[in-house]
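I opened the model to look up a few helix contacts and some backbone angles. My notes follow in the order I made them.

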Amino acid sequence: MAGSIIAVIVGLVTLAFIVTRKSNMVYVLFLVVFMQGLLEIMGVSMSLLKAIIEVLVWCYFLMVLFDRNSPPQHIPGVFILLGFVIFYLIAILLAGSLNFDSYSYFRHHLNAFIIFAATFLYSFPPRRLFSINRFIFFLMVLQIAASVVKLYVGGRSEEYVGTMVITTGTLHTIFPIFAIIFMVYAWIYLGREKHYLLYIVGFLFMGWVGDKRGIYFYLVIVLALLFWRRFRTQQKGRFIPVSVLRWAPLIPVIIAGIFYLGVRLTPTLNPEKKIWGSYDAQFLTTYLYYYNVMDVKKDDYRGRFGGTYILVREFFRGDGVMIQRKVSTKTVLTGFGPDRHIGLIPERIRKLESIGIYRPPGFLYTGFTQSLLATGFIGVIFLLWIFLFYIRKVSKVSRMHDLNPYWKTIVNSTSMLGVLFLLDYFTYSSTFYSNNTIYLTFFFFVGQALKPDLLSKYNTEEYPSKLI
């Protein structure tokens, strides 16, 4: 009851705010997206919050569609999405999964495309767009403060990820890296400001409070690729720029330092099982192998890598450890039904077990294995096609020399987020494409990067000297 009252009050205030200016809807959308967890703690159900987000996304799109100042444009990727929609309908019909849960699974993709299309089409006043971006980065940094409160109130745990969600612990890994990418590029292009480095430390702290190990490993990979890309961008023929030579010796030290501190500060990664335990390379290697690939003592596969190997092997033949049923050409191509992957983890496990798919103890799904089970081989191809299509287009824009420092920060960061998606999808979780905060924010920036008048309109305006 209290949650409903809060929702009504928030709804009325929101309506009044939106009426004053149409683009205010975008502020409200991202406020709700970043405050889902806090609102759920206050009593608003997650189902209602998802419905509110969906309504706001569609209202944003319709606002743009009927706005006279938004000229008609061909929306990049619309035919790929249309193909995905047609395939998805066929897949759920073949799986006997024509229900709301199947729609709930797909609406993440649909809403992400809609927010991209609306942002791509809408003729924002440049300063208004800069202001919205500043608001989003403020909400990102706010997660650091929320993590401080969490540590003080409840200590380190996977639950309660900032103000965003109260479950989904993997977000403690993906979101900090997501935000750090923007801060690194802001430090590179918007001046060597110390506060960006402090934000980076703050997001590392957020991952540590979330008791996640993966952040240190994935961040090392992302930073290495980021600096390599920076080197390739600045390289002129066979000559290495002086700026690169000046910073090159520090880059390995920074990356190694992050990894070293992460291992010592994470109890499960050191032999003493405590904060600030010793760094033991042999212990770490053995632990990672047992956790991700194989338990030698039990002589069986486990973790994300071992589990992925077994699932892929059994996906094409069935009657195994994880897929304890016969498979067919239909299930290989279109999956076993996406509705089995909606709900809390125990509920999902029960749904999958009811159709003969088991997750033995120690086996963890990645985004790839989840979408393979849900929508089959063709579904995986469509999902990768959509992401790679947009990543490639944004990467092409990032190589434009005419971009001012602000847009170099936004576009290069958005392009690098594609690397984070691929790492998350194939080796970690489905967080990037199933969490509203990550997915919608990413495609909002993709929409900006691909705007047809980016160079002629937004790049020519006086740009903000900082992100926040």
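First, a term I need: a crossing is left-handed if the near helix is turned anticlockwise from the far one by less than a right angle, and right-handed if clockwise. I also note that this is a predicted model.

**Helix 17 and helix 18**

I asked which hand the crossing of helix 17 with helix 18 has. Helix 17 passes helix 18 in a left-handed crossing. I then looked up the classes of the residues in this contact. The contact of helix 17 with helix 18 has 14 nonpolar, eight polar and one charged residues.

Next I checked the geometry of the pair. Helix 17 covers residues 367-398, and helix 18 covers residues 405-427. Their axes come within 9 Å and cross at roughly 160°. Angles over 145 degrees count as roughly antiparallel, so helix 17 is roughly antiparallel to helix 18.

**Helix 7 and helix 18**

Helix 7 is residues 126-154. I found that the axes of helix 7 and helix 18 come within 13 Å and cross at roughly 50°. Helix 7 and helix 18 are therefore oblique to each other. Helix 7, too, passes helix 18 in a left-handed crossing.

**Helix 6**

How far apart are the end C-alpha atoms of helix 6? I read 30 Å for helix 6, residues 100-121. At 1.5 Å a residue, its 22 residues should span 32 Å, so the two values agree. I also looked for a bend. Helix 6 bends by about 40° at Phe106. Then I checked its cover. I count 19 of the 22 residues of helix 6 as buried, so this helix is mostly covered.

I went through the backbone angles last. Most residues other than glycine have a negative phi. Two exceptions went into the notebook.

Lys273 has a phi near 55°, a positive value. I located Lys273 in the loop between helix 12 (250-265) and helix 13 (281-292).

I placed Asp319 in the loop between helix 14 (303-315) and helix 15 (329-334). The relative accessible area of Asp319 is 54%. Exposed means over 50%, so Asp319 is exposed.

Notes: Residues numbered from 1 in each chain as written. Predicted model: local features only at pLDDT ≥ 70, side-chain atom pairs only at ≥ 80, totals over all residues. Heavy atoms only, no water. Axes fitted to C-alpha atoms, helices over the stretch in contact; angles between N-to-C directions. Helix = DSSP H or I, 4+ residues; strand = E, 2+ residues; numbered from the N terminus. Parallel < 35°, antiparallel > 145°, perpendicular 65-115°, else oblique. Nonpolar A, V, L, I, M, F, W, Y, C, P; charged D, E, K, R; others polar. Expected span 1.5 Å × (residues − 1). Bend = angle between axes of the 7 residues up to and from the residue. Buried < 20%, exposed > 50% of the residue type's maximum accessible area, 1.4 Å probe, protein only.
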